[in-house]
Amino acid sequence: MRIYSIIIPVYNRPDELDDLLASLCRQTYVHFEVIVVEDGSTVPARAVVERYRNRLDMCYLVIENSGPGIARNRGAERARGEYLLILDSDVTLPAAWLEQVHDALRHYPVDAFGGPDRAHPSFTPVQRAINYAMTSFLTTGGIRGGRRKLDTFYPRSFNMGIKREVYHALGGFSGARYGEDIDFSLRIVEAGYRVRLFPAAWVYHKRRISLWRFFHQVRHSGEARIWLSRSHPGSLKAVHCLPAVFVLVVLLSLAGSFFSLYCAVPLAVYSFLLFIDATSRNKGDLWVGFLSTLASFTQLLGYGTGFWRALTSPRVRRDERPCKPA
């Protein structure tokens, strides 16, 4: 019997944690423990956790606000399972999620792994739109969670698993506020450990609830990509630069449109393709198609401006760069 330790950092999201814990109660594979780490929340989730103590093997830790990486490390210190499963508090799980993980590990006993994410039918139009932007092949989100190159996958913290001894051998997550999961995945691969995508072990990911908050999230991701490239030479790929190029294209198109409307044609065509694809993927919902177009522009512009900001101002937000494991 294999025991899994599920580690969930939470910061001011008790309602979302409630949904996640409820989905853990419905798992068909039941040999797991849950470690919730309250990361200095001003809206604590203690009352939510107490409601599940008789239904789950639960550990609840409270720490000073230190960021998600440090919170996960504190949870890992208390873990008893052979594998540590890292989840963000804004996900929920299909009933067979852990069974899919367990079955995949029996066939592929890797050192680390991850799974993709999906939108639940109950998600709001904005959540479905943001999910489209983060997963569509028409945006850079299309490189996440794909089925190709399953053995060169870089897991993300919303759905990640790793052997406990490997986690501790690498020192766990860094203390960075952003990009800490990519940094950890890069260190796992660079150390020569076996990593694989488990396509069937997907989760529902709620993501940000507004386009403005989404913009700030992806802007931080764009900044983190530059810092990561300095910590991990060779990790910066052409696809990571596409949002930065997109920012330049938008600026040039807007400037050119003052002289000729033809300069705006490429953006108009791209917007139309996004709208048609997003509407089709959301069963003909025109409103979600429209919001998905906005979300895609938000993702590309947010990431791209963050990328340029970090590239041209290397001292900006120095305290949030990837750092040594804590």
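An open sheet of three strands, with mixed pairing, is arranged in the order β5-β10-β7. Strands and helices are DSSP runs numbered from the N terminus, a strand (E) having at least two residues and a helix (H or I) at least four; two strands are taken to pair if DSSP finds at least two bridges between them. Strand β10 (residues 203-205) runs antiparallel to β5, and two bridges join them. Valine 91 has histidine 205 in β10 as its bridge partner.

The model is predicted, with local features requiring pLDDT of at least 70 and side-chain atom pairs counting only at pLDDT 80 or more, whereas totals for chains, interfaces and linings use all residues. Residues are numbered from 1 along each chain as its sequence is written, and side-chain values use heavy atoms, with hydrogens and water left out.

A parallel pairing is found between strand β2 (residues 32-39) and β3, which are joined by six bridges. One of the paired positions links valine 37 to leucine 61 in β3. Together with helix α2 (residues 46-51), β2 and β3 make a right-handed β-α-β unit; right-handed here denotes a path from the first strand over the helix to the second that runs clockwise when the strands point away from the viewer. Strand β3 (residues 58-63) is mostly covered, five of its six residues being buried, where buried means under 20% relative accessible area, exposed over 50% and partly exposed in between (1.4 Å probe, protein chains only).

Helix α3 (residues 68-77) is likewise mostly covered, with seven of its ten residues buried. The buried residues are Gly69, Ile70, Ala71, Arg72, Asn73, Gly75 and Ala76. They pack against β1 (4-10), β2, β3, β4 (83-86), α6 (164-169) and α7 (180-190), contact being defined as heavy atoms within 4.5 Å.

Side chains of opposite charge can pair when their charged atoms come close. With a salt bridge defined as a side-chain nitrogen of Lys or Arg within 4 Å of a carboxyl oxygen of Asp or Glu, the count comes to 17 salt bridges. Arginine 80 forms one with aspartate 57, the closest N and O atoms being 2.8 Å apart. Because arginine 80 lies in the loop between α3 and β4 and aspartate 57 in the loop between α2 and β3, this pair ties together parts that are 23 residues apart in sequence. Aspartate 57 is partly exposed, at 40% relative accessibility.

Arginine 72 of helix α3 and glutamate 180 of helix α7 tie together parts that are 108 residues apart in sequence. The closest N and O atoms of this salt bridge are 3.0 Å apart, and both glutamate 180 and arginine 72 are buried. A further salt bridge joins arginine 106 and aspartate 103 (2.5 Å, N to O). These two residues are three apart in helix α4 (residues 97-107), so about one helical turn separates them. Arginine 106 is exposed, with a relative accessible area of 54%, while aspartate 103 is partly exposed at 28%.

An unreviewed UniProt entry lists residues 245-275 and 287-311 under "transmembrane region"; its positions are given in the numbering used here, feature names are shortened, and annotations may be inferred rather than shown by experiment. In the model, residues 245-275 are 77% helix and 0% strand, with end C-alpha atoms 21 Å apart. Residues 287-311 are 100% helix and 0% strand, and their end C-alpha atoms lie 36 Å apart.
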